[in-house]
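Hi everyone, thanks for coming along.

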Amino acid sequence: MKEDLNLLWLQSGGCGGCTLSLLNADCSNLFDTLAGIGVRLLWHPSLSEPCGDAARRIFDDCLSGATRLDILCLEGSVLRGPGGSGGFHRNSAGQTMMERIRSLAQVARHTVAVGSCAAFGGITAAGCNPADACGLQFDAEAPGGLLGRDYRSGSGEPVVNIAGCPTHPNWVIETLAAVAADRLDAAALDSFQRPRLYADHLVHHGCTRNEYYEFKASAQKPSDLGCMMEHMGCKGTQAHADCNIRLWNGEGSCTRGGYACIACTDPGFEEPGHPFATTPKFAGIPIALPTDMPKAWFLALASLSKSATPKRVRQNAEADHQVVTPAVKKPRAS
Amino acid sequence: MSTRRVVGPFNRVEGDLEVTLNIDQGRVSAAMVNSPMYRGFEQILRGKDPLDALVFVPRICGICSVAQSAAAAQALAQAMGISAPANGQLAAVLTLAVENLADHLSHFYLFFMPDFARAAYQQRAWGPEAAGRFKAVSGSAAADVLPARARFMQLMGYLAGRWPHTLSLQPGGSARGLEAAELLRIGMLLREFRRFLERTLFGDRLEAVAELDSVPALRHWAAARQARADLPRFLAIADDLGLEQLGRATDRFLCVGAYALEGGTLFPAGVWDQGLQQPFDPAAIREDVSHSWMAGDRPLAPEEGQTQPQPDKPGAYSWCKAPRLDGRVVETGALARQMVAGHPLVRDMVARNGGSVAARVVARLLEFALLVPRMEAWAAAIRPGAPFCATAPALREASGAGFVEAARGSLGHWLEVRDGVLHNYQIVAPTTWNFSPRDAAGTPGALEQALVGVDAVDSGDGAPLMVQHVVRSFDPCMVCTVH
């Protein structure tokens, strides 16, 4: 039987939300699930017993080779500042997390970025990027990051970027299962090294607002039922993720929660160049069109469907509950 | 002779923590609490569209995400001069209550109790049972609690789309209108959670737990339930280890008010100080940076606060600022909320021994019994078809403040809008209060005070166990602390 893989989980410039999201996993017991896919938790900052010296010994044993480091997961961005010193995340002995991550990545068989911060820099890299945050192998859309474009883990693969802010629990579990089963090769990743098992879909797929989208019946304000693409900044037609196919926390997703998809699986999502909840437009037309949609066709279809919008769809689009329900077919006269 | 010991990474807290202990004759003589990570959200937010705060602030913290959203929504609503319709208010307090109770559950079962499963305690009468039940990762409690917590969090699917990091909380209320069928489902999930708590945590009805009104009543109640539920198990451990006499801080407690609805606030705002109850005055808050890696020469009120890192500042030892109320250190959290609210059991515990590890844990668990019945009532009061969200006007020049009780205590946001964008945004989080470094007068923060005198005998567990109990009893959230 194949030996279990040792997983070491580190956190740096992030919020811990990907771990908290993982605990929402819809399974009998997350720890059993991990054991079941052949993953053994060496140490996780929120979940493991060892503290202080005892935790540091685990890192040292990985570095010395005394313990095999099969999977290194980083949650949170790498903080390079100030001035490239890594001092924004440093212990009192002067050791920086940036160096700990770099050195452990050299001995890891697989290196996994959990969340958009670890993958691309994410929210921590927004604005003036005060902490000089970046991802493990990307700095927003640019390859590089902490480890550099040419980095390969012991298995010969680049960093696996489970992007998302936060990540869906099953994206993480399935990626780890694929790694443990040796089934996550380069072909299983997209051009931003995101696992295609969730990144080959669009958030639009399965969106409950599809009828409003079809008729361009748009929400005007938060809590409206209409499509949020035209006015509310929704990027569901462009964002790579399966949020409306496999739902969150039971029956939820961002669009089902009443708010726009902000494309949190994309590198650079934190700086969209416009207020998040407003769709940027040129001459009244949204600048960003649905993925793979030719502009002329989008305009033609939009104007046709707007003129064909049923009254029900038009009225419900700007209400927080259905004010007109779908007509019930009258029984046939016998 | 004094020795110095650095404990880090101090795990099973949210985020990064390092604690430096001066040890004299086996006891802590002084402690310095270091929040070792800085990201700079207050700098990131400058120049952003005011509503963009709703995207950024939840991402300060994955565990207090909704609390951060709620504080921002409240500050924006104040700046806009709007208030949410009744449905929006009910949805917002429900969402925050779900997060806060999920956090209490994670804290008790995943962060705090695993320390009693350690090898060093195997000789205690309760040791072997505690190990089987509470051992990190492999204990039987984790197998009970993780699925129950995940089910409970399905409430977030309905109320907030997902958790963490929702945008459903808006200045005008909630962006998520709820339908009749969803309200039925919410009621069922709450009842399912109630059953889990009554069966696994308490071994009794929530109402019976909420009514415990004194230390003798608690002892009597626990004695009848030994080894049948997890709170009685903890109380037996606490008794044996003297946790009701461990970890006293300032005994000055702050609550900024929790679960505010038009009809009143469930846990009111106030300051409890040596038996005196006083109103909470936000104008009395100053942030001192004398021992923080932050530039600044005097304590500033949050509305004029500055966040300018100064990494090599002499004498500094943390990224955390030191907030003070009227110049004094306060403790915040469930214990503070229940002290200010006047719960008789919690007041009795503190009257006997002061704030302690045991009192902090009991107050936290008591909130399950106090809150779940209210959540059932709030869900029942939501009226499908009535509005959930008021329209939010654009902001040009405005300022506002928002105050929310996160699971681990008082959270404040202060924002100023100039020319239609955020000019300044300042955040004082619960653990900023509890884990602050020293101030200019040299007065240590609440945890730093609570650690003095604590047994620092090395049991080979990476850090002295009593120190670990005290630190984790505050349920610190380090990512909020510095943000």
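How many helices and strands does chain A have? Chain A has 10 helices and 11 strands. Before I go further, please keep in mind that this is a predicted model.

Staying with chain A for a moment, its C-alpha atoms fill a box of roughly 80 × 50 × 35 Å along the principal axes. Of its 334 residues, 53% count as buried. If you take the contacts in chain A with a separation of 6 or more, 68% of them come from residues 24 or more positions apart.

Let me pick out one helix of chain A, α6(A), residues 169-180. At 1.5 Å a residue, its 12 residues should span 16 Å, and the end C-alpha atoms are 17 Å apart, which agrees. Which of its residues are buried? Here they are: A:Pro169, A:Trp171, A:Val172, A:Ile173, A:Thr175, A:Leu176, A:Val179 and A:Ala180. Just after α6(A), have a look at A:Asp182, which takes a positive phi of about 60 degrees.

Now to where the chains meet. Chain A puts 67 residues into the contact, and chain B puts in 79. On the chain A side, α1 (17-22), α2 (30-36) and α3 (53-64) each supply at least two residues. Which of the elements gives the most to that side? That would be α1(A), with 5 residues. By class, the side of chain A that touches chain B has 33 nonpolar, 25 polar and 9 charged residues.

Let's move over to chain B and a pair of helices. Helix α4(B), residues 86-112, packs with helix α6(B), residues 140-152, at an angle of about 170 degrees, and their axes are 11 Å apart. That angle makes α4(B) roughly antiparallel to α6(B), the cut-off for that label being over 145 degrees. From α4(B) the residues involved are B:Val98, B:Ala102, B:Leu105, B:Ser106 and B:Tyr109, and they meet B:Ala141, B:Ala142, B:Val145, B:Arg149 and B:Phe152 of α6(B). The residues of this contact divide into 8 nonpolar, 1 polar and 1 charged.

The helix α4 of chain B comes up again with my next item, helix α17(B), residues 465-473. Why do I call α17(B) largely enclosed by the rest of the structure? Because 9 of its 9 residues are buried. They run from B:Leu465, B:Met466 and B:Val467 through B:Gln468, B:His469 and B:Val470 to B:Val471, B:Arg472 and B:Ser473. As for their surroundings, these buried residues pack against the strands β1 (2-7), β2 (18-24) and β3 (27-34), and against α4, α14 (357-381) and α16 (446-451), in chain B. Just after α17(B), B:Asp475 takes a positive phi of about 50 degrees.

I'll finish with some strands in chain B. Strand β6(B), residues 252-255, pairs with β9(B), residues 270-273, in the antiparallel sense over 4 bridges. There, B:Cys255 stands opposite B:Gly270 of β9(B). Strand β9(B) also pairs with β10(B), residues 276-278, in the antiparallel sense over 3 bridges, and B:Trp272 stands opposite B:Gln277 of β10(B). What sits between β9(B) and β10(B) in their hairpin? There are 2 residues between the strands, and in this hairpin B:Gln274 takes a positive phi near 50 degrees.

Technical notes
Residues are numbered from 1 along each chain as its sequence is written. Chains are lettered from A and ligands numbered from 1 in the order in which they are written. This is a predicted model: local features need pLDDT of at least 70, side-chain atom pairs count only at pLDDT 80 or more; totals for chains, interfaces and linings use all residues. Axes are lines fitted to C-alpha atoms, for helices over the stretch in contact, and angles run from 0 to 180 degrees between N-to-C directions. Angles under 35 degrees count as roughly parallel, over 145 as roughly antiparallel, 65 to 115 as roughly perpendicular and the rest as oblique. Two residues are in contact if their C-beta atoms, placed from the backbone, lie within 7 Å. Ala, Val, Leu, Ile, Met, Phe, Trp, Tyr, Cys and Pro count as nonpolar, Asp, Glu, Lys and Arg as charged, and the others, Gly among them, as polar. A residue is buried if 20 or more other C-beta atoms lie within 10 Å of its own, exposed if 12 or fewer, and partly exposed in between; C-beta atoms are placed from the backbone. Two strands pair if DSSP finds at least two bridges between them. The expected span of a helix is 1.5 Å times one less than its number of residues.
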